[in-house]
Amino acid sequence: MISRPEQDGDQQLRLLGDAWDKAAEHWRDGPARQFGTAQLTPLLQESRSYLEALRKLMDLLETAERETEG
Amino acid sequence: MTGIHADIDALKGLHDALARYRHAQRDVTARGEDQLTATRASLETKASRLRAQLELGQAEYTACQDRAAQADPDDPVDCSGHARAVQQDSERLEQIRLWQQRIDAEAGEFSGIAGRFADLLENDLPRMEEHLVAIIASLEAARRVRAPAS
């Protein structure tokens, strides 16, 4: 079964979060905090918004296909 | 050695993860767009098929009504089956048209979010990666400077 794109996107988001957690264990100075707050957090938030919108759209497309079959 | 440079290694790991993320999410956005295009095409194919079927059904129904008008009252022609088929095809076609409209509306809203995300992948993420490269280079340079004194 082929996975839906937003599910793969969620998985990538988790992997990036894990990479950040791992980096943050060793990188704890001012630039690290600045990077996390000003760059990484907005990226993760924007990614979540996009993936949620994509999930809704994919649900809609699946339903449209199903409802118009036959 | 690993402990001393653990922060640099961690930053390199994060840099690689960001690059992988950018490529993987580009693929995700492309697949999303492909799915939207495929569903639109599929609905249009169904609509086109139904329009042809409806046209044929309407012609058969009209021919049946003509036969009914000329039929012997003692031997009436029943056109209710044709009428039902035309009605059902009309309803299905209308249902598809409504889904097409809804998908267009939702896709319109989605395109704003998708555009921002695409811009982030194309512009912001590479800048973040470059920023990390600069930080890594700066840390490595500082270690090289300090190394002889230690």
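I count helices (H or I, at least four residues) and strands (E, at least two) as DSSP runs, numbered from the N terminus. I keep in mind that this is a predicted model, where local features need pLDDT of at least 70, side-chain atom pairs count only at pLDDT 80 or more, and totals for chains, interfaces and linings use all residues. Residues are numbered from 1 along each chain as its sequence is written, and chains are lettered from A in the order in which they are written.

**Chain A on its own.** I looked up the secondary structure of chain A and found 2 helices and 0 strands. Its radius of gyration is 17 Å, well over the 11 Å that the globule rule gives for 70 residues, so chain A is more spread out than a compact globule. Here the radius is taken over C-alpha atoms, and the rule is 2.2 Å times the number of residues to the power 0.38. The C-alpha trace of chain A spans about 60 × 25 × 10 Å along its principal axes.

**Where chain A meets chain B.** Next I checked contacts (C-beta atoms, placed from the backbone, within 7 Å). I found 29 residues of chain A in contact with 34 residues of chain B. On the chain A side, helix H1 (5–26) and helix H2 (30–67) each supply at least two residues. H2(A) gives the largest share, 15 residues.

**One helix pair.** I then turned to H1(A) and helix H1 (residues 6–70) of chain B, whose axes come within 9 Å and cross at roughly 170 degrees. Axes are lines fitted to C-alpha atoms, for helices over the stretch in contact, and angles run from 0 to 180 degrees between N-to-C directions. That makes H1(A) roughly antiparallel to H1(B), a label for angles over 145 degrees.

Terms used
Two residues are in contact if their C-beta atoms, placed from the backbone, lie within 7 Å. Angles under 35 degrees count as roughly parallel, over 145 as roughly antiparallel, 65 to 115 as roughly perpendicular and the rest as oblique.
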